[in-house]
Structure formats: C-alpha cells, structure tokens
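Please look through this model with me, point by point. The notes below are meant for someone opening it for the first time.

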Amino acid sequence: MLEVTRLTKQFVKGDMGILALRDLSLGIEEGCFVTVLGRSGCGKSTLLNMMSGLMPPTSGAVTYRDAPVTGPRTEVGYLTQSDTLMPWRDVVRNVEMPMEIKGVDAKERRERATDLVERVGLTGFERHYPRELSGGMRRRASLARMLAGDPEVLLLDEPFGALDAQLRFVLQAELLRLWQGSGQTVVFVTHDIEEALLLGDRIVVLGRIGKVLLDKEIDLPRPRDADELRVDPHFVSLHKEMTAALREAQ
Ligand SMILES: Nc1ncnc2c1ncn2[C@@H]1O[C@H](COP(=O)(O)OP(=O)(O)OP(=O)(O)O)[C@@H](O)[C@H]1O
C-alpha cells in the first residue's frame, strides 16, 4: 500500500550536510499494523514526514497504491510530534474539522466528534481551547482529530510518549480496538520495545540513518494483554531480540 524505495534525506545546516536517512526501503502492506522502533535521532520522524508527503526526499521515492507521493493526501492521516491543532478552535471543533472538509452534516459530525473525544478520554474538555490543555491532552485531541478523518493509513509519531503509564495503556487498547476490523493500515513510531510488541503485527527496528536492523513479523496472539505478555516466554525472547538489535544501533 505504501512503498518506500531507497529513501535518502540530507538536511543542510549552514555549510554542513546532515544525513538523516540513507537508502531506506520498506513496503507496508494494506491492513497491517507496523511499529517502527528506533532510538532518538535515527530518522523515524523524517521517515514519516516523507511517507506523509510533507517533506520531499533528497533521493528515492514514496508511493501510495503505486502512485508517487508528492504532497499530503486525505487518505493518509499523520499525527506529527509537533502540535498542529487550530488554536482558535476548541477541542470538539478541532476534531470536527476533517469531517467539515469532507462535507459531513453538522449533527453527524458533532455526534462523531463527541464520541471520539470520549474515546481519547477528553470528555469535559470539549469546549477548551488548545492553550487550555496539557501537552498530553493536546496529543489526544490531535489523535481524535486524525481518527475523525477516517484515513486509510494512519502515520503515528510517538503518539503516547508524553502520557502517563495508565493513560498510555488505555489509549493503546482503544487504538487497537478502533483498528481491529477497520482495514486501516497503521505505521506507529515508538522507542518503547514493549509498546512496539504489544501493538505491532510487524516490527521494523531502525538503526542510525535509518538502517533496517531487524524486520520481523510478530506472531503473538491478539488480544494482547500487557500483564500476561510480560511473563510469556515468546514475548520475553522477542523483547531480548529487540533489545539486542537496538544495542547494535549505538
Ligand atoms: N529540519 C532539520 N534540519 C536539520 N537536521 C534535521 C532536521 N530534522 C531532523 N534533522 C536531523 O535528522 C536526524 C533524524 O531526526 P529525526 O527527527 O527524524 O529522528 P527521530 O528518530 O524521529 O528522533 P526522536 O525519536 O528523538 O524523535 C537527526 O540527526 C536530526 O538532528
């Protein structure tokens, strides 16, 4: 569905070139939940920026259903690390925005937005403006807004990184619940091994400048329960494998 071919990105800072990704190739199958695991600075956000069409590659290509990606498209939702909520709209109106663009009628979009706000645990904050929310709350509002667009592909850049453990757990479960049976394709970036194993059908471990260190199908049965998994020998051995791969990334 999404194909990344020999993707390279070099930034220019003053008279210096900063190589963020080199020759990365990756195919993402339709309906699959892929977690991309890597340490800080290995190029994960740069990869998603290019997959979403927000950033042009220096060389290489991204295709979506065999068509070149040259800019953002409504079928591909992207939850970036930076805040992109509209400051002049309250939470519910931010969440309604993708449905407004699609021409969904006012009553239906308010109902759906209210439901999504509840799913991300923001009930009671519908009328708050982004500046009146915490960082984690803004992330959750952004997630609800992305889901409101019902995209075919969800690109998620460390969506739960800023949340406390309990809330992260609730939102991971909610994301899986929404994804299962939806047919949506998810690319989920994280640096947390346990999160990657809990969520993914497949884990891609990236090393420096986006070198693929490991690309593995995760055959742990679903639904996956974090407490049960931690004592599952298969999970423990996968965890060790990921830890070793990340160590190699140093
Ligand atoms: N706009 C930019 N200009 C210059 N260098 C950049 C720019 N964006 C990213 N980089 C560099 O590219 C490399 C990869 O950055 P990127 O943000 O993709 O990493 P990451 O894996 O997402 O990190 P993190 O997990 O900390 O978010 C880093 O060395 C970073 O300094």
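1. First, two terms. Two strands pair if DSSP finds at least two bridges between them. Helices (H or I, at least four residues) and strands (E, at least two) are DSSP runs, numbered from the N terminus.

2. Next, the ground rules. This is a predicted model, in which local features need pLDDT of at least 70, side-chain atom pairs count only at pLDDT 80 or more, and totals for chains, interfaces and linings use all residues. Residues are numbered from 1 along each chain as its sequence is written.

3. Start with the antiparallel sheet. Four strands form this open sheet, in the order S2-S1-S4-S5. S2 (16-28) and S5 are the edge strands, each pairing on one side only.

4. S1 and S2 are joined in the antiparallel sense by nine bridges. Val-12 faces Gly-17 in S2. The two strands make a hairpin with two residues between them. In its turn, Gly-14 has a positive phi of about 60 degrees.

5. S1 (residues 2-13) also runs antiparallel to S4 (residues 59-64), with five bridges between them. Where does Thr-5 find its bridge partner in S4? The partner is Ala-61. Glu-3 stands opposite Thr-63 in S4.

6. Two bridges join S4 to S5 (residues 67-68), and the strands run antiparallel. Tyr-64 stands opposite Ala-67 in S5.

7. The other sheet is mixed. Six strands make up this open sheet, ordered S6-S7-S8-S3-S9-S10. Its edge strands are S6 (76-79) and S10 (212-217), and each pairs on one side only. From one strand to the next, the twist averages 15 degrees. Axes are lines fitted to C-alpha atoms, for helices over the stretch in contact, and angles run from 0 to 180 degrees between N-to-C directions.

8. Within that sheet, S7 (residues 153-157) and S8 (residues 185-190) run parallel, joined by five bridges. Asp-157 stands opposite Val-189 in S8.

9. Now the helix pairs. Two packed helices are described by the angle between their axes and the distance between the axes. H2 (residues 91-102) packs with H3 at an angle of about 125 degrees, and their axes are 9 Å apart. That makes H2 oblique to H3. Angles under 35 degrees count as roughly parallel, over 145 as roughly antiparallel, 65 to 115 as roughly perpendicular and the rest as oblique. The crossing of H2 and H3 is right-handed. A crossing is left-handed if the near helix is turned anticlockwise from the far one by less than a right angle, and right-handed if clockwise.

10. Which residues of H2 meet H3? They are Val-91, Val-92, Val-95, Glu-96, Met-99 and Glu-100. Their counterparts in H3 include Arg-109, Arg-112 and Leu-116. By type, the residues of this contact divide into seven nonpolar, one polar and five charged. Two residues are in contact if their C-beta atoms, placed from the backbone, lie within 7 Å. Ala, Val, Leu, Ile, Met, Phe, Trp, Tyr, Cys and Pro count as nonpolar, Asp, Glu, Lys and Arg as charged, and the others, Gly among them, as polar.

11. H3 (residues 106-119) packs with H4 (residues 135-148) too. Here the angle is about 140 degrees, with the axes 9 Å apart. That makes H3 oblique to H4. This crossing is right-handed. Arg-112, Ala-113, Leu-116, Val-117 and Arg-119 in H3 meet Ala-144, Leu-147 and Ala-148 in H4. The contact comprises six nonpolar residues, no polar ones and two charged ones.

12. Finally, a peptide bond to check. Arg-222 and Pro-223 are joined by a cis peptide bond, with omega about -5 degrees. Pro-223 lies in the loop between S10 and H7 (226-229).
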